[in-house]
Amino acid sequence: MKEINTSEFEKEVLQDERVILDFYSTECPPCEALASKFEDLSHLYGSDIKFLKIFRQGNRELADKLGVKSSPTLLFFSNGKEMASRLTGGIKRSDIIRNLDSMLPPERVKGIKSQIKPSVSEFDVIILGAGPGGLTAGLYLCQSKINTVLIDIALPGGHVSTTHEVSNYPGFIEPQAGYMLSHSMSEQTKLCGTIYKVAVDITKVDLEKKEVVIDEYETVKAKRIIIATGTTPNLTGAPGEKELKGKGISYCATCDAKYYNDKEVLVIGGGNSAVEESEYITRFVKKLTIVHQFDKLTANKQAQDKVLSNPKISILFDNEPRAFVKDGEKIVTEIENVKTKERQKLVSDGVFIFIGMKPNIELFRDKLELDKWGYIKTDEDMRTSIKGVYAVGDVISKKYRQITTAVADGTIAAMAIAKESD
Ligand SMILES: Cc1cc2nc3c(=O)[nH]c(=O)nc-3n(C[C@H](O)[C@H](O)[C@H](O)COP(=O)(O)OP(=O)(O)OC[C@H]3O[C@@H](n4cnc5c(N)ncnc54)[C@H](O)[C@@H]3O)c2cc1C
């Protein structure tokens with residue numbers, strides 16, 4: 001592996017047969033997360049493909065010329081031409097391998113793969129998920145001198161890192177940008193000494209044996225596991241939804257309703273959470289329209305009565321969203337009547353989607369006792385039905401899912417483990 005600068009680009013990159021080039025920056029957590037994977041893969045693929053690094057801040061003009069807009073960015077070149085797709089952000093080992101393999105003949109790829117040696121590492125505690133719950137557990141365990149590894153399929157931070165502003169996390173007078181709050185949480189835990197394995201592929205989780213296999217070849221073992229994998233909101237799947245998440249489309253009323261004072265919003269959904277959250281949102285907005293796919297609400301009677309008698313709320317039954325488009329500060333939602341197939345466009349200041357959340361437990365679903373909605377049941381110390389396995393944060397069965405409650409759960413699990421380890 002070699003570090004180059006702009007003046008060497010022509011010779012080292014464009015005149016070589018096969019090159020992978022890493023544009024990195026300092027004070028860049030995703031760059032730190034990539035560094036060990038890049039180094040490791042350079043030992044494996046280094047005799048076939050040249051591994052180069054270039055400091056983005058020091059070679060800004062070249063970065064601009066190549067259209068590199070974020071760090072890290074991995075570029076792949078073959079005989080002077082860029083090939084394969086660029087990788088950026090929380091880059092996974094498997095994505096780099098896919099691109100590297102595409103630059104080599106299949107028989108050579110086979111040969112390289114046969115050299116991979118599986119590795120095993122051991123810790124006291126594995127934490128799965130580096131959102132507020134996992135990061136807090138990691139901090140407390142580390143401060144108790146308990147050898148802990150935090151494993152995440154993405155970069156640390158969880159939902160907070162993609163939340164526009166957080167104004168209800170104690171200790172900050174002004175609202176905090178979500179990515180800054182999650183960055184501070186993550187750095188605090190990392191500086192304490194907790195080991196991070198992030199942006200990895202998790203291939204297997206064995207809760208009984210306390211073993212997690214990451215990136216296919218690395219087995220991480222521990223005496224205990226804390227599950228802190230959070231939830232994923234169900235999406236409508238309509239075009240534009242993913243792009244406008246956090247930019248006018250929200251999945252959290254407590255978090256975002258206050259930004260719509262005296263405005264007009266849409267709520268998609270008609271179950272308990274849609275109806276209860278709608279009632280809450282009307283404390284702020286002047287008009288709220290519920291768009292629901294069936295001909296009656298599916299929430300409980302008491303909640304229904306409240307919204308049906310709320311003068312700020314109107315309901316469009318039998319309709320589903322078909323597309324979301326940003327138009328200046330407004331969101332245009334195209335809806336379709338599922339019976340008549342008629343379409344219409346609704347203009348609002350924001351859209352809230354409450355069509356359910358799902359706990360992230362696919363890899364270990366069958367092994368744990370769950371509530372009827374699929375969330376993990378715990379006792380007051382966050383112990384699950386499997387000995388030595390704890391669960392914290394949004395993934396557990398509970399009433400209120402917020403940063404503060406996830407942080408509290410992480411604290412409790414870590415303190416319970418520290419006490420057991422005395
Ligand atoms: C859009 C939005 C805005 C919000 N705004 C606020 C707010 O303003 N204030 C507030 O208090 N709360 C807010 N919330 C709620 C808050 O973000 C959550 O309650 C909190 O993040 C839960 O923390 P957690 O650690 O349990 O899970 P998460 O934050 O969801 O973190 C889970 C982590 O686990 C990782 N993961 C998932 N699956 C796996 C796996 N199989 N293996 C390993 N890792 C995995 C994920 O990549 C993620 O990093 C908001 C939620 C959303 C969706």
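Student: Which backbone oxygen lies 2.8 Å from a polar atom of the side chain of asparagine 99?

Tutor: That oxygen belongs to serine 85. A polar contact is a pair of N or O atoms within 3.5 Å; within protein, one must be able to donate a hydrogen and the other to accept it, and residues adjacent in sequence count only if both atoms are side-chain atoms.

Student: What kind of model is this?

Tutor: It is a predicted model, in which local features need pLDDT of at least 70 and side-chain atom pairs count only at pLDDT 80 or more, while totals for chains, interfaces and linings use all residues. Residues are numbered from 1 along each chain as its sequence is written, and side-chain values use heavy atoms, with hydrogens and water left out.

Student: Is asparagine 99 buried or exposed?

Tutor: Asparagine 99 counts as buried because its relative accessibility is 9%. Buried means under 20% relative accessible area, exposed over 50%, and partly exposed in between (1.4 Å probe, protein chains only). The residue is found in helix α4, residues 93–102. Helices (H or I, at least four residues) and strands (E, at least two) are DSSP runs, numbered from the N terminus.

Student: And what does asparagine 99 touch?

Tutor: Leaving out residues up to four places away in sequence, asparagine 99 touches Phe76, Ala84, Ser85 and Leu87. Contact means heavy atoms within 4.5 Å.

Student: Moving on to α7: how many residues does it have?

Tutor: Helix α7 spans residues 178–192 and has 15 residues. From first C-alpha to last it reaches 22 Å, close to the 21 Å expected at 1.5 Å a residue. The expected span is 1.5 Å times one less than the number of residues.

Student: Which residues of α7 are buried?

Tutor: They are Gly178, Leu181, Ser182, Met185, Ser186 and Thr189. Seen down the axis of α7, these buried residues fall within an arc of 125°, so they line one face of the helix. The arc is that of the directions from the helix axis to the C-beta atoms. An α-helix has 3.6 residues a turn, so residues three or four places apart point the same way.

Student: Which exposed residues does the face turned away from the buried side carry?

Tutor: That face of α7 carries Tyr179 and Leu191.

Student: What covers the buried residues of α7?

Tutor: The cover includes α6 (132–143), β8 (148–152) and α12 (403–421), among others. Isoleucine 403 is found in α12, and its contacts include Leu181 and Met185. At 16% relative accessibility, isoleucine 403 counts as buried.

Student: How far apart are isoleucine 403 and valine 166?

Tutor: Isoleucine 403 and valine 166 are 237 residues apart in sequence, and their C-alpha atoms are 9.4 Å apart in space.

Student: What about the ligand: how many residues surround it?

Tutor: There are 30 surrounding residues, and the closest are Gly133, Asp152, Asn168, Cys255 and Asp394. A residue is near a molecule or strand if one of its heavy atoms lies within 4 Å of it. α6, β8 and α12 each supply at least two residues of this shell.

Student: Which residue has a polar side-chain atom 2.9 Å from a nitrogen atom of the ligand?

Tutor: Asparagine 168 does. The protein covers 92% of the 1,000 Å² of accessible area that the ligand has on its own. Accessible areas come from the Shrake-Rupley method with a 1.4 Å probe; for residues, only the protein chains shown count as cover.
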